[in-house]
Structures are given as structure tokens and as C-alpha cells.
Amino acid sequence: MATWNSRGLRGSTLEDLINRTNEIYLENGLALIQKIPTPITPVNIDKESRHITLAYFGQKSTVDYIGAVQGIPVCFDAKECAVDTFALQNIHEHQVEFMRQFEKQGGIAFFIIYYTHKDLFYYLPYEMLRYFWDRAAQGGRKSFRFEELNPEYIMPQKSGVFVPFLDMMQKDLDDRE
């Protein structure tokens, strides 16, 4: 049995906060965003309890969440970071490619990063991620530091919303114009 601080449950609190935020947005008619389950292939199933006892990840998943906000297609992934340096190895090439294609089709893609040691949520627009990704591909840093981020994308705490990403999404859209 995994304990609350085990590697297997890492990120589940962030996921719970985002899921609750998405429910609030749905209840208020602001957005329809769903969690995309990670595809698994069962290997062993306990016949008595009908529980999967062994499985492997069947295929590469793309992003954690997908949906629409006021008619705008949206996809995003959520990550936690316990230090000021975020290692790009936590993001997979197929995710970056999916986001590139998603934006090419007129959608908006981003990451929500929860800096646990600072207790703050950060909205990382796809274009900003792409800058760090390309820098690493050209032999530069394989990470980015918190100080490199645009402070305007730090999500302010908002009453009644756990992870208030809609305001930052609007800022992202405004910055593109």
C-alpha cells in the first residue's frame, strides 16, 4: 500500500485541486475540461476481487487535461516542483509535439507547475516552454530556473477557486495579440 508521500502518489494533491477547480468552472458555465486517464494494459487480474494487480503503461499519454473554455480548445499538463530548478526531463518530447500540433489547430496549450516549496501555482504558456525546450535541444541548459519565468504568470490566490488558471489563460491569449 502506498503512503501519502510515496512516489506513486506524487502529484495527486495537485491533480485533486485541478479537478475540483474544473468542477467549479463547469458549475459556473465557464469551461468543460476533463482529466485524461493514463492508458494501462493489465497483466494480472485477481479473479476474486477483480482488481488489477500488475499492469504497464500501454502507450504514451499526451497531456493530463483537455477541453474547451468559452469555445477555445484547451490542453494542459500539471507538474510539481520542489525546488527552484525545473528539469525538462519531466516533460516528454511527445507531449511537446502534441502541444505544438494542438496550438497549430487553433487551441491553447500550457503547463501548470506547482512550486511546492513556495506554495504557488505557475502558468507556463506553451511558447515559453518551447523557448526552454529549444534552448536545451541546442546544447543549452536542460532545465529552467524560477527566476527565468515571467512573474506575471504566477497565479494569484482567488477565493472559491483552487487553481485559478482561467485568468492566466486570458493573459496568455492577450499576450499573443
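At what angle do helix α2 (residues 93–104) and helix α3 (residues 126–137) pack, and how far apart are their axes? The points below take up this question first and then turn to the rest of the structure.

1. Basis of the note. This is a predicted model, in which local features need pLDDT of at least 70 and side-chain atom pairs count only at pLDDT 80 or more, while totals for chains, interfaces and linings use all residues. Residues are numbered from 1 along each chain as its sequence is written, and side-chain values use heavy atoms, with hydrogens and water left out.

2. Packing of α2 and α3. Two packed helices are described by the angle between their axes and the distance between the axes. Here α2 and α3 pack at about 135°, and their axes are 11 Å apart; axes are lines fitted to C-alpha atoms, for helices over the stretch in contact, and angles run from 0 to 180 degrees between N-to-C directions. The two helices are therefore oblique to each other, given that angles under 35 degrees count as roughly parallel, over 145 as roughly antiparallel, 65 to 115 as roughly perpendicular and the rest as oblique. The crossing of α2 past α3 is left-handed, a term used if the near helix is turned anticlockwise from the far one by less than a right angle.

3. Overall architecture. The protein comes to four helices and nine strands, which run α-β-β-β-β-β-β-α-β-β-α-β-α from the N terminus on; helices (H or I, at least four residues) and strands (E, at least two) are DSSP runs, numbered from the N terminus. Of the 177 residues, 37% are buried, where buried means under 20% relative accessible area, exposed over 50% and partly exposed in between (1.4 Å probe, protein chains only). Among contacts between residues at least 6 apart in sequence, 61% join residues at least 24 apart.

4. Salt bridges. Side chains of opposite charge can pair when their charged atoms come close. A search of the whole structure finds 15 salt bridges, each being a side-chain nitrogen of Lys or Arg within 4 Å of a carboxyl oxygen of Asp or Glu. One of them joins lysine 79 to aspartate 77 at 3.3 Å, N to O, and both of these residues are buried. Another joins aspartate 167 to lysine 158, with the closest N and O atoms 2.8 Å apart; aspartate 167 is partly exposed, at a relative accessible area of 40%, and lysine 158 is also partly exposed, at 40%.

5. Helix α4 and its charged residues. Which residue does arginine 176 meet in a salt bridge? The partner is aspartate 172, at 3.0 Å, N to O, and the two are separated by about one helical turn because they lie four residues apart in helix α4 (residues 165–176). Arginine 176 is partly exposed, with a relative accessible area of 39%, whereas aspartate 172 is buried, at 4%. Leaving out residues up to four places away in sequence, aspartate 172 touches Ile108, Ala109, Tyr123, Pro125 and Tyr153. Lysine 171, likewise in α4, is buried with a relative accessible area of 17%, and with the sequence neighbours up to four places away again left out, lysine 171 touches Glu152 and Tyr153.

6. Backbone points to inspect. Most residues other than glycine have a negative phi, and most peptide bonds are trans. Glutamine 70, which is not a glycine, has a positive phi of about 50°; glutamine 70 lies in the loop between β4 (65–69) and β5 (72–81) and counts as exposed at 58% relative accessibility. Aspartate 119 also has a positive phi, near 50°; aspartate 119 is found in the loop between β7 (108–115) and β8 (120–125) and, at 47% relative accessibility, counts as partly exposed.

How values were computed:
Contact = heavy atoms within 4.5 Å.
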